Amino acid sequence: METIIQYFSEMPVPHRSFLLVGGLALFFIIEQAAPLFKINYNRAKHTGLNLFFTLTTVIVNFVMAFILVHSCAWVTENEFGIIQWIPMPLIAKAIVGLMLMDLIAAWFAHWVEHHVKWMWQFHVVHHTDQHVDTTTANRHHPGESVIRFIFTTAAIFIVGAPIWLIFIYQSASLVLTQFNHSNIKMPTWLDRSLELVFCTPNMHRVHHHYRQPYSDTNYGNIFSFWDKIFGTYSRVDNKKLLYGVDTYMEGKEHKSIVELLKIPFLGYRQPVEYDKEEVL
Ligand SMILES: [Zn+2]
């Protein structure tokens, strides 16, 4: 445990980059070999667009990283935050800390983005993707990357997270988001067993269905139980899903970097009202 913490306290930049590139490459290859939905779109163009937004996400986080470093140092020195206040062994600190970081910085941040209109205007860019695959994972408008960064910083203070915990959290969060967005077909037994603890692709896909109420379910990133605890869990037949978001279905509105960058500033678009309930 001590060695793991030592490693994550000083996780080298090349190792972090390797996780980003290696994770993407791994799921990209599996998608090619065992896709759930046939890949019948211009994959190169789609990947290029999503990698642009992955790059802006990396840049925003890199530029603001010093804030995280200082926040972690502050909570550690002042013994501030939940895992600092409650005495527990190191391994428990790591597990409880990881769970709470996932709850506040991912699940709750994501839930808020769906319920506060101006935040939704940024987050909707992620939902405009009509071909969800592993490259969709970090398709975030730079404005959304800033919003998520603020939630992560707040979570550090609430949790009392040391820097090693943030490196563990960010590494797990990255790999899990690449995994749960990937277009891979998995055997039911594997999916069901993993879903007892983690968010699998089968669980997350419904969140990318084009209309509510389905798009307002399964907000989770690392752990699957937050949605079950807070009543936002759903399970549907993935084959019936239609990706995208009803307010931006027109191709020209979301197939170029410039159009996507403009979306948050076009004003709030009311979700479409449907006559009939949809049962998936
Ligand atoms: Zn969402």
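Select Pro-162: apart from neighbours within four places in sequence, Pro-162 is in contact with Cys-72 and Thr-76. Two residues are in contact if their C-beta atoms, placed from the backbone, lie within 7 Å. This is a predicted model, in which local features need pLDDT of at least 70 and side-chain atom pairs count only at pLDDT 80 or more, while totals for chains, interfaces and linings use all residues. Residues are numbered from 1 along each chain as its sequence is written.

**Stop 1: around Pro-162**

Stay on Pro-162, in the loop between H7 and H8. The helices named here (H or I, at least four residues) are DSSP runs numbered from the N terminus, as strands (E, at least two residues) would be. Is Pro-162 buried or exposed? Pro-162 counts as buried because 23 C-beta neighbours lie inside 10 Å. The cut-offs are 20 or more other C-beta atoms within 10 Å for buried, 12 or fewer for exposed, and in between for partly exposed, with C-beta atoms placed from the backbone.

**Stop 2: the largest core**

Next select Met-101, Ile-156, Val-159, Ala-161, Leu-165, Ile-166 and Ile-168, the residues with the most contacts inside the largest nonpolar core, which has 34 residues. A nonpolar core is a set of buried Ala, Val, Leu, Ile, Met, Phe, Trp, Tyr and Cys residues joined through C-beta atoms within 7 Å. Which helices each supply at least two residues of this core? They are H2 (13–33), H3 (43–77), H5 (90–115), H7 (142–159) and H8 (163–180). H8 gives the most, nine residues.

Zoom in on Ile-166. Leaving aside neighbours within four places in sequence, Ile-166 is in contact with Leu-68, Cys-72, Ile-156 and Ala-161.

**Stop 3: H6 and its surroundings**

Select helix H6, residues 117–127. Eight of its eleven residues are buried, so H6 is largely enclosed by the rest of the structure. The buried ones are Trp-120, Gln-121, Phe-122, His-123, Val-124, Val-125, His-126 and His-127. These residues pack against H5, H7 and helix H12 (257–262).

Now show H6 with H7. The two helices pack at an angle of about 115°, with axes 8 Å apart. Axes are lines fitted to C-alpha atoms, for helices over the stretch in contact, and angles run from 0 to 180 degrees between N-to-C directions. H6 passes H7 in a left-handed crossing. A crossing is left-handed if the near helix is turned anticlockwise from the far one by less than a right angle, and right-handed if clockwise. Met-119, Phe-122, His-123, Val-125 and His-126 in H6 meet Gly-143, Glu-144 and Ile-147 in H7. The residues of this contact are four nonpolar, three polar and one charged. Here Ala, Val, Leu, Ile, Met, Phe, Trp, Tyr, Cys and Pro count as nonpolar, Asp, Glu, Lys and Arg as charged, and the others, Gly among them, as polar.

**Stop 4: H2 beside H8**

Show H2 and H8. Their axes come within 9 Å and cross at roughly 20°. H2 and H8 are therefore roughly parallel to each other. Angles under 35 degrees count as roughly parallel, over 145 as roughly antiparallel, 65 to 115 as roughly perpendicular and the rest as oblique. The crossing of H2 and H8 is right-handed. On the H2 side, Leu-19, Leu-20, Gly-23, Leu-24 and Phe-27 meet Ser-171, Leu-174, Val-175, Gln-178 and Phe-179 of H8. The contact of H2 with H8 has seven nonpolar, three polar and no charged residues.

**Stop 5: backbone details in the loops**

Most residues other than glycine have a negative phi, and most peptide bonds are trans. Select Glu-79, in the loop between H3 and helix H4 (82–85). Phi of Glu-79 is near 45°, a positive value. With 10 C-beta neighbours inside 10 Å, Glu-79 counts as exposed.

Move to the loop between helix H10 (201–204) and helix H11 (225–229), where Pro-213 is found. The peptide bond from Gln-212 to Pro-213 is cis, with omega near 5°. Asn-218 is also in the loop between H10 and H11, and its phi is near 50°, a positive value. Asn-218 counts as buried, with 26 C-beta neighbours inside 10 Å.

**Last stop: Asp-191**

Select Asp-191, in helix H9 (residues 188–195). Asp-191 is partly exposed, with 16 other C-beta atoms within 10 Å. Not counting residues up to four places away in sequence, Asp-191 touches Met-186, Thr-200 and Asn-202.
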